[in-house]
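I wanted to look up the salt bridges and ring contacts here.

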Amino acid sequence: MTAAQGAVRSTLVGIATGTPDGGVAMIRLSGPDARGIAGRVMRGAMPAPRQASVRTIAAVTSDGVAADGRERGRCEEALVLWMPGPRSFTGEDVVELHVHAGERNVQGVVAWLIAAGATPAGAGDFTRRAFEHGRLTLDQAEGIAAVIGATMGIVAGYFGGITDNVIMR
């Protein structure tokens with residue numbers, strides 16, 4: 001059991017894209033304090049629900065306030081999207097940060113979010129929460145697990161049907 005499984009009501013953070021080595025990586029926050037945690041690392045106001053906006057995010061200092069990353073070279077431009085629950089993938093409040101990929105950059109942003117109060121998500125935690133909140137059926141949750149674990153590209157075609165049903169609800 002991961003720490004995130006034991007603390008079901010915590011706000012989780014994790015990389016929601018397959019690997020952080022593409023051009024853009026998506027980092028997901030999900031839980032009761034998703035908006036607050038994102039706000040602690042973000043400059044400017046949270047975008048309106050379901051409207052993506054570019055924001056600067058930066059490391060959090062010991063007092064929990066976003067540091068001026070430009071002085072230290074430690075900031076990132078992110079496309080930020082806030083989706084209040086229950087109309088999100090997990091059924092909880094969700095904030096997605098679409099950041100420049102590269103393992104070091106992505107892991108750095110995740111570390112900033114952990115420092116701001118998020119709990120690292122374990123494998124399958126976002127899907128588990130979606131199932132628990134009735135956003136996915138068991139078949140759909142198992143299908144996502146199969147797609148993520150698939151080594152053959154042909155299985156990926158199944159994924160489109162799952163996401164279409166979830167997002168359109």
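The model is predicted, so local features need pLDDT of at least 70, side-chain atom pairs count only at pLDDT 80 or more, and totals for chains, interfaces and linings use all residues. Residues are numbered from 1 along each chain as its sequence is written, and side-chain values use heavy atoms, with hydrogens and water left out.

Entry: salt bridges. I took a side-chain nitrogen of Lys or Arg within 4 Å of a carboxyl oxygen of Asp or Glu. I got four salt bridges.

Glu 96 pairs with Arg 28, with 3.5 Å between the closest N and O atoms. Glu 96 is in strand E5 (residues 94-100) and Arg 28 in strand E2 (residues 24-30), so the bridge ties together parts 68 residues apart in sequence. Strands here are DSSP runs of at least two residues, helices (H or I) of at least four, numbered from the N terminus. Both Glu 96 and Arg 28 are buried.

Arg 40 bridges to Asp 33 at 2.8 Å. Arg 40 is partly exposed because its relative accessibility is 27%. Asp 33, at 29%, is partly exposed.

Arg 128 bridges to Asp 125 at 2.4 Å. Both lie in helix H5 (residues 125-132), three residues apart, about one turn. Asp 125 is buried at 3%, whereas Arg 128 is partly exposed at 31%.

Entry: rings. I counted a charge over a ring if NZ of Lys or CZ of Arg was within 6 Å of the ring centre and within 35 degrees of the ring normal. Arg 28 sits over the face of Phe 126, 5.2 Å from the ring centre. Arg 35 lies over Trp 82 at 4.2 Å.

Definitions and conventions
Buried < 20%, exposed > 50% of the residue type's maximum accessible area, 1.4 Å probe, protein only.
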